[in-house]
Amino acid sequence: GGKIIVAAGFDSRPILNSVGIDVPMQPVLLETLVTEAVEPLFYQMLGTAAADFYGHQSTHGSFVFGLNSGLEPYAKPGKPVSSSLAASAACRGIMSYFPILSNVKIVRTWAGWMDSCADHVPVISNVEEVPGLIAACGFSGHGFGIAPTVGLLLSELAMEKETTLDISEFRYDPVSYTHLTL
């Protein structure tokens, strides 16, 4: 039979709601800043225990840092715009860990929406309540990094094959969501 995969980021919730399915997630505003190129310091992806920023240095020499600004209530619907408030807060955090970056210039910023599931666990699953429906959403910021594997798993689900990995912990389970609030 036919299959439909809903993998539309934060727009997955209203799409799934249209057929009576609810994955408890909300849009989270992420902001990113890119610095001018500097001498190599490190190429590992880093994040702080306080989760105040994350990022890496590109092979070009620019640093790319991201953060959750917490400014969702103030963002206009549609395409979000980065704010000087978030960039300056991120820079203070970055400089507290890396004072050597204090005089490095920011060359651009941007903002985007992330689909954040209330339990921070994505849904990658057949939806038994709607035969033929497959959901892939709520990645809480990890979608880009795991996209190649998720694509493989979704293709296996769509072809009704056994999945390469055990994805039972990522199943759509409305009973497990009853205690979650957004």
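Visitor: Let's start with F63: buried or exposed?
Guide: F63 is buried, with a relative accessible area of 0%. Here buried means under 20% relative accessible area, exposed over 50% and partly exposed in between (1.4 Å probe, protein chains only). This is a predicted model, in which local features need pLDDT of at least 70 and side-chain atom pairs count only at pLDDT 80 or more, while totals for chains, interfaces and linings use all residues. Residues are numbered from 1 along each chain as its sequence is written, and side-chain values use heavy atoms, leaving out hydrogens and water.

Visitor: How are the rings of F63 and F65 arranged?
Guide: Their centres are 5.5 Å apart and their planes at 0°, so the pair is stacked. Rings of Phe, Tyr and Trp (its six-membered ring) pair if their centres lie within 6.5 Å; planes under 30 degrees apart count as stacked, over 60 as edge-to-face and the rest as tilted. F65 is buried as well, at a relative accessible area of 3%.

Visitor: And what about F53 and F65?
Guide: That aromatic pair is edge-to-face, with 5.6 Å centre to centre and 85° between the planes. The pair links distant parts of the chain, 12 residues apart: F53 sits in the loop between β3 (46-47) and β4 (54-57), F65 in strand β5. Helices (H or I, at least four residues) and strands (E, at least two) are DSSP runs, numbered from the N terminus. F53 is buried, with a relative accessible area of 1%.

Visitor: How many aromatic pairs are there in the whole structure?
Guide: Six. Ring pairs join F42, F53, F63, F65, Y97 and F98 into a cluster.

Visitor: Which residues touch the most others in the largest nonpolar core?
Guide: Of its 14 residues, they are L33, F53, F63, F65, A90, I94 and L101. α2 (84-97) and β5 (63-68) each supply at least two residues, and α2 gives the most, with five. Such a core is a set of buried Ala, Val, Leu, Ile, Met, Phe, Trp, Tyr and Cys residues joined through side-chain atoms within 4.5 Å.

Visitor: What does I94 contact?
Guide: Leaving aside neighbours within four places in sequence, I94 is in contact (heavy atoms within 4.5 Å) with F53, F65 and L101. There is also a second, separate core of 13 residues, including I21, C117, A135 and C137.

Visitor: New topic: where is S12?
Guide: S12 is in helix α1 (residues 12-17), and S12 is buried, at a relative accessible area of 0%. A polar atom of the S12 side chain lies 2.8 Å from the backbone nitrogen of A8.

Visitor: What else does S12 touch?
Guide: Not counting residues up to four places away in sequence, S12 touches V6, A7, M25, A136 and C137.

Notes: Polar contact = N/O pair within 3.5 Å; in protein donor to acceptor, adjacent residues only side chain to side chain.
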